[in-house]
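Below is a brisk report on one protein model.

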Amino acid sequence: MIQAPIPINDKERVQELIDLDILDSLEDDNFTDIVQLASKICNTPISLISLVDYSRQWFKAKVGITDSETARNISFCGHAILHDNDFFEVPDALKDIRFVDNPLVVSEPNIRFYAGVQLTTKKGYKIGMLCVNDTKPNKLTADQIFALKVLGNHVAKMLDLRITKKQSEAKSKRIESQNEVLRKMLSIIAHDVRGPIASLLKVLEMGEAKIIDEQSKNELLSMSKAQVESILHLLNNLVGWGIAKIENKENTHLTCNVKDIVDEEIRLLNLTATLKENTITNLVSKDLILPIENDMLQFIVRNLLTNANKFTSRGKIFVYSDKTDQHYKLIFNDTGKGMDKATIHTLLEKNNLISTPGTDNEKGSGLGFKLIKEFMEDAGGNIEIISETDKGTSISLNFPLQ
């Protein structure tokens with residue numbers, strides 16, 4: 001027995017076959033009908049659609065045998081896919097030096113005759129054969145060869161359609177993913193820009209009404225400058241994050257310290273907190289690194305601090321970190337108005353939006369916490385909330401240990 005040599009482009013050829021996602025798939029009546037028709041046209045008991053990968057030939061459809069595959073090194077198809085001619089025939093295997101002592105010839109299924117047409121993809125890769133076999137010597141007529149080639153071309157087109165369908169599904173999935181990114185970007189803009197703009201408007205109204213002295217006015221205007229920087233910073237980060245997602249770039253984990261991120265978000269919230277006479281303290285461990293993208297963490301920290309400030313007046317807000325056997329924890333505590341168990345359940349377990357007025361009747365959309373949950377799920381983490389009406393809230397972000 002002479003084994004067929006491995007073609008130079010075998011890696012690319014098999015990859016094309018793998019990309020079809022057809023190997024080891026379920027039986028398909030469309031392919032089964034073709035092998036049954038080929039068997040009748042060629043008057044042979046066996047007909048196969050054989051796909052050749054690195055180590056085997058696997059039968060997408062078969063008639064006349066029970067095996068679903070055989071080793072590539074003993075397969076007739078391993079030789080057939082190497083030919084320049086798309087039709088390959090072995091009239092009598094016992095008289096062909098390549099197959100005379102082949103296990104498929106000298107034992108079950110006792111193949112003596114083989115004929116097949118190559119299955120070639122649009123890219124030109126020969127991934128298998130539509131073949132007919134017999135247990136006695138044979139030779140196809142010109143009409144039978146023509147019919148077998150027509151059927152083989154039909155199989156090849158069916159396989160190409162499979163690739164086209166997969167490409168179309170992948171494109172649709174990319175578009176859906178991009179639309180989801182755009183939805184999140186618009187949601188973040190709608191949610192995060194509203195608060196800073198409202199604070200700036202309040203400072204301007206206070207200045208026009210002359211209800212604050214000149215020194216306080218100047219201090220608030222200085223804070224307003226930081227607030228404008230906050231909005232620009234947010235938009236720049238958001239655009240960068242959106243472009244990276246749309247271009248399908250790999251996630252980038254934290255390269256800077258969590259404590260630094262919290263410090264920056266506190267600084268950017270300073271004006272709004274001052275207007276409500278709240279203090280925010282950062283007690284996060286200086287060496288804490290979390291398995292989440294920077295932009296996502298910045299959004300989460302910014303929104304949880306904003307919410308804590310929204311529901312707290314003349315109070316205190318603390319951010320600190322902890323570590324258990326299973327999680328890194330980033331915890332946000334406030335002395336604000338708190339919430340009841342029903343609200344906590346709705347926030348954590350349901351997907352609908354919740355918007356509750358703040359202590360100064362600040363309004364929101366509920367989008368912020370919804371996105372926080374999505375980002376935490378993406379990072380493999382979860383959220384815990386402990387709260388009591390009029391006694392404050394503690395929100396713990398739990399990230400898996402690496």
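## Overview

What percentage of the 402 residues in the protein do buried residues make up? Buried residues make up 46% of them. Buried means under 20% relative accessible area, exposed over 50%, and partly exposed in between, with a 1.4 Å probe and protein chains only.

This is a predicted model, in which local features need pLDDT of at least 70 and side-chain atom pairs count only at pLDDT 80 or more, while totals for chains, interfaces and linings use all residues. Residues are numbered from 1 along each chain as its sequence is written, and side-chain values use heavy atoms, with hydrogens and water left out.

The protein has 12 helices and 11 strands. These are DSSP runs numbered from the N terminus: helices are H or I with at least four residues, strands are E with at least two. The accessible surface comes to about 21200 Å². Carbon and sulfur atoms hold 53% of that surface. Areas come from the Shrake-Rupley method with a 1.4 Å probe; for residues, only the protein chains shown count as cover. Among contacts between residues at least 6 apart in sequence, 68% join residues at least 24 apart. Contact here means heavy atoms within 4.5 Å.

## Nonpolar cores

The largest nonpolar core has 37 residues. A core is a set of buried Ala, Val, Leu, Ile, Met, Phe, Trp, Tyr and Cys residues joined through side-chain atoms within 4.5 Å. Leu305, Leu330 and Leu397 have the most contacts inside this core. Elements giving two or more residues to the core include α8 (258–268), α10 (294–310), β8 (316–323) and β9 (327–334). The largest share, 8 residues, comes from α10.

Neighbours within four places in sequence aside, Leu305 is in contact with Glu265, Ile266, Leu269, Ile280, Ile317, Val319 and Phe332. A second, separate core has 29 residues, among them Leu17, Leu20, Trp58 and Leu119.

## Aromatic rings

The structure holds 4 aromatic pairs. Rings of Phe, Tyr and Trp (its six-membered ring) pair if their centres lie within 6.5 Å; planes under 30 degrees apart count as stacked, over 60 as edge-to-face and the rest as tilted. Phe76 and Tyr114 are stacked, because their ring centres are 5.2 Å apart and their planes are at 20°. Phe76 sits in helix α3 (residues 76–80), Tyr114 in strand β5 (residues 113–120), 38 residues apart. Both are buried.

Phe88 and Tyr114 are edge-to-face, with centres 5.9 Å apart and planes at 65°. Phe88 lies in strand β4 and Tyr114 in strand β5, so this pair ties together parts 26 residues apart in sequence. Phe88 has a relative accessible area of 3%. For Tyr114 the value is 1%. Phe76, Phe88, Phe99 and Tyr114 form one aromatic cluster.

## Salt bridges

The structure holds 16 salt bridges. Each is a side-chain nitrogen of Lys or Arg within 4 Å of a carboxyl oxygen of Asp or Glu. Asp10 bridges to Arg72, with the closest N and O atoms 3.0 Å apart. Asp10 is in helix α1 and Arg72 in the loop between β3 (69–71) and α3, 62 residues apart. Both residues are buried.

Arg302 forms a salt bridge with Glu265 at 3.4 Å between the closest N and O atoms. Arg302 lies in helix α10 and Glu265 in helix α8, so the bridge ties together parts 37 residues apart in sequence. Arg302 is buried at 13% relative accessibility, as is Glu265 at 4%. Asp24, Asp53, Arg56 and Glu69 are linked in a salt-bridge network.

## Backbone exceptions

Most residues other than glycine have a negative phi, and most peptide bonds are trans. A cis peptide bond joins Glu108 and Pro109, with omega about 5°. Pro109 lies in the loop between α4 and β5.

Asp21 is not a glycine, yet has a positive phi of about 55°. Its place is the loop between α1 (10–19) and α2 (29–42). Asp21 is partly exposed, at 49% relative accessibility. Asn43 also has a positive phi, near 55°. Asn43 lies in the loop between α2 and β1 (46–52) and is exposed, with a relative accessible area of 57%.
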